[in-house]
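Good morning, and thank you for coming.

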Amino acid sequence: MNIAIVGTGYVGLVSGTCFAEMGVNVTCVDIDEEKVDKLRRGVIPIYEPGLDEMVRRNVDAGRLRFTTDLTEVLDDVEVVFSAVGTPPDEDGSADLKYVLAVAETFGRNVNKYTILVTKSTVPVGTAEKVKQRVRAELDKRGVDVEFDVASNPEFLKEGAAIKDFMTPDRVVVGTESEQAKKVMSRLYKPFMLSGERMIFTDIPSAEMIKYAANSMLATRISFMNDIANLCELVGADVNMVRKGIGSDSRIGKKFLYPGCGYGGSCFPKDVKALIKTAEKSGYRMQVLKAVEEVNEKQKEILYRKLMRHFENDLEGKTIAMWGLAFKPETDDMREAPALVLIDKLKEAGAIVKVYDPIAMNECRRRLGEDAVVYCNDMYEAAVDADALLLVTEWNQFRMPSLSVLARTMKQRVIVDGRNIYDSDYLKDNGFTYYKIG
């Protein structure tokens, strides 16, 4: 089976590579010539565990190709996936200009029955706009080519994207035709051998499912952060509370971990977009507005704890930060709590020393070389620090040498933004320890 995927960002590259791994002939398309050239040479623009090796293996096998021109392969493929970016517009709604540009290119050049599948996260109603753009281009050409549009939202977790794609818990496809349903079933059949997990819906429902899923997960996070903040005020332990409510089968244990706020490419953008979609329909998403508000405040919680400890004076203090990415196993710093913390600490006159196993270059790209002190390892960051902030729960941060920290830190203060440390153990070793909740 031959397919094309337009867009070699996170979703497009992971999806294309995983399809190729299952024997599909995949051509990934991107207008960025330098990016395409690097991909052909095996240089991967994103960090995702195992992806670089899988890309090289499938390129060498001839199943994965890269080009800047969709028209080169359009006559040879059965399915075209649109996996281009949908960045938030100034008002928070999803910007569809790249999605619609793909539709126009498709309509100008398609010559036989082909399915155009939107894999990008898009608002309800986007597929209808895509269909109209394709038909408009066909009308300009004076031709009547049969085609279908479909929606196939992705549910990939950064850091575990390959596993999520190869063994999905569900594959959602919104379509209007039996022919498209059969083609999509055939394409995904290799991923269903351990059990049928395909969910076919109408197109608007498929478009809504992705937004609703991410918004629900974001809601659970903000809810637990709100509970954690209340626990501090009333003397309860949020970890015990989490275990107690997570044991309820109706609630479950996942996404009930309090912390210093969520970030990344999906949750913040999708919550904003769903709120905006509702507003355009004359409805107010009151719960999601609260979710967003709680999260933005939560990104400052480590800063507020530091300010209380140092009696509102951080001028000249050296603050070490472990972790920059919004979560482990990625270099993604989009909407990361670390960015908010760095801004607040610098405004307060602190010297900020940072270390992250993967995201150092991304931080340099975003903030520049002189914004913070970049360190070569976790312990270098802690040298002469008045306090240490744990921001991202990378595995290597989970069992630090307290004896090394005791010798190198100026003051033994640790603020744990992910609740991964044993408070009694730290206190027994002479550290002042703060956690969430």
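I shall go through a sheet, the helices beside it, a core and several single residues. Please keep in mind that this is a predicted model.

Let us begin with the sheet. Six strands form it, in the order β11-β10-β9-β12-β13-β14. The sheet is open, and its strands pair in parallel. Which strands stand at the edges? They are β11, residues 373–374, and β14, residues 432–434. Each has a single partner strand, so one side of each is left without a neighbour in the sheet.

Further in, β9 runs parallel to β12, residues 387–390, and four bridges join the two. Within this pairing, I319 has A387 in β12 as its bridge partner.

Helix α12, residues 301–309, lies across β9, β12, β13 and β14. Its direction is at about 155° to β13.

V415 is in strand β13. Is V415 buried or exposed? Its relative accessibility is 0%, and therefore V415 counts as buried. Around V415 we find contacts with L302, K305 and L306, with L388, L389 and L390, and with Y434. The C-alpha atom of V415 is also separated by 6.0 Å from that of K435, although the two residues are 20 apart along the chain.

I turn now to helix α13, residues 337–347. Its buried residues are P337, A338, L339, L341, I342 and L345. In general, an α-helix has 3.6 residues a turn, so residues three or four places apart point the same way. Against what do the buried residues of α13 pack? Their partners are α12, β9, β10, α14 and β12. Just after α13, G349 takes a positive phi of about 90°.

In soluble globular proteins, nonpolar side chains tend to be buried together. The largest nonpolar core here has 62 residues, and the members that touch the most others are M321, L324 and L345. Apart from this core lies another, of 42 residues, including I3, V14, I115 and V173.

Beyond its sequence neighbours up to four places away, L324 touches M333, A336, A338, I342, V354, D356, A359, M360, C363 and T392.

T392 is found in the loop between β12 and α16. With a relative accessibility of 1%, T392 counts as buried, because the cut-off for buried is under 20%. What does the side chain of T392 reach? One of its polar atoms lies 3.5 Å from the backbone nitrogen of L324. A polar atom of that side chain also lies 2.7 Å from the backbone oxygen of A325. Leaving aside neighbours within four places in sequence, T392 is in contact with W322, G323, L324, A325, K327, P328, D356 and F397.

Most residues other than glycine have a negative phi, and most peptide bonds are trans. E329, which is not a glycine, has a phi near 65°, a positive value. E335 also has a positive phi, of about 60°, and is not a glycine. Where do they lie? E329 is in the loop between β9 and α13, and E335 is in the loop between β9 and α13 too. E329 has 30% relative accessibility and therefore counts as partly exposed. E335, at 37%, counts as partly exposed as well.

S120 lies between β5 and α5, and at 9% relative accessibility S120 counts as buried. Its side chain reaches the backbone oxygen of V84 at 2.6 Å. Contacts of S120 beyond four places in sequence are with S82, A83, V84, T86 and V99.

Helix α8, residues 203–234, has 32 residues. At 1.5 Å a residue, the helix should span 46 Å, and its end C-alpha atoms are 47 Å apart, so the two values agree. Just after α8, G235 takes a positive phi of about 90°.

That concludes my presentation, and I welcome your questions.

Methods. Residues are numbered from 1 along each chain as its sequence is written. This is a predicted model: local features need pLDDT of at least 70, side-chain atom pairs count only at pLDDT 80 or more; totals for chains, interfaces and linings use all residues. Side-chain values use heavy atoms; hydrogens and water are left out. Buried means under 20% relative accessible area, exposed over 50%, partly exposed in between (1.4 Å probe, protein chains only). A polar contact is a pair of N or O atoms within 3.5 Å; within protein, one must be able to donate a hydrogen and the other to accept it, and residues adjacent in sequence count only if both atoms are side-chain atoms. Contact means heavy atoms within 4.5 Å. A nonpolar core is a set of buried Ala, Val, Leu, Ile, Met, Phe, Trp, Tyr and Cys residues joined through side-chain atoms within 4.5 Å. Two strands pair if DSSP finds at least two bridges between them. Axes are lines fitted to C-alpha atoms, for helices over the stretch in contact, and angles run from 0 to 180 degrees between N-to-C directions. The expected span of a helix is 1.5 Å times one less than its number of residues.
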